[in-house]
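Hello,

Here is the structure I promised to pass on. Please open it first, then read my notes below.

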Amino acid sequence: MEPILKNRKRFTSSIKNELAEAFNQLAHDTRIPKSRLFDEAIEDLLKKYRQKNLKK
C-alpha cells in the first residue's frame with residue numbers, strides 16, 4: 001500500500017548523472033533530506049523566473 005502524502009505531491013523526473021552524484025553527496029554531507037533540498041531548489045528557481053518576468 002502506498003503512503004498517503006498530506007503535505008506533498010509525488011513528482012518523478014530525471015537529472016544528469018553528475019548532478020545526481022553531487023545532489024546525493026550534498027544530502028549526505030548536510031544531513032538534509034533530498035526532498036527538502038529539492039523544495040529549496042524549486043523555490044529558488046521560481047523566484048528567479050518571477051523576477052525575470054517582472055523585468056519584462
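Start with aspartate 39: its relative accessible area is 31%, so this residue is partly exposed (buried means under 20%, exposed over 50%, partly exposed in between, with a 1.4 Å probe and protein chains only). Bear in mind that this is a predicted model, where local features need pLDDT of at least 70, side-chain atom pairs count only at pLDDT 80 or more, and totals for chains, interfaces and linings use all residues. Residues are numbered from 1 along each chain as its sequence is written, and side-chain values use heavy atoms, with hydrogens and water left out.

Salt bridge

Aspartate 39 has a partner. Its side chain meets that of arginine 8 in a salt bridge, 3.0 Å from N to O. The two sit in distant parts of the chain, 31 residues apart: aspartate 39 is in helix H2, arginine 8 in the segment before H1. Helices here are DSSP runs (H or I, at least four residues; strands are E, at least two), numbered from the N terminus. Arginine 8 is also partly exposed, at 43% relative accessibility. The count comes to 1 salt bridge, taking a side-chain nitrogen of Lys or Arg within 4 Å of a carboxyl oxygen of Asp or Glu.

The largest pocket has a volume of about 600 Å³. It is lined by 19 residues, and the closest to its centre are Phe11, Lys34, Ser35, Phe38 and Ile42. A pocket is an open set of points on a 1 Å grid over the protein atoms alone where a 1.4 Å probe fits, with protein on both sides within 12 Å along at least five of seven lines; lining residues have an atom within 4 Å of a point. The volume is the space filled by probe spheres set on the points. H1 (17-30) and H2 (34-55) each supply at least two lining residues. H2 gives the most, with 7. By type, the lining divides into 9 nonpolar, 5 polar and 5 charged residues.

Surface patch

Which residues form a nonpolar patch on the surface? They are Phe11, Phe38, Ile42, Leu45, Leu46 and Tyr49, with about 580 Å² of accessible area together. Patch members have over 30% relative accessible area and no salt bridge; nonpolar side chains are joined within 5 Å, like charges within 9 Å. Leucine 45 lies in H2 and is partly exposed at 41%.

Arginine 31 is exposed, at 77% relative accessibility.

Best wishes

Terms used:
Ala, Val, Leu, Ile, Met, Phe, Trp, Tyr, Cys and Pro count as nonpolar, Asp, Glu, Lys and Arg as charged, and the others, Gly among them, as polar. Accessible areas come from the Shrake-Rupley method with a 1.4 Å probe; for residues, only the protein chains shown count as cover.
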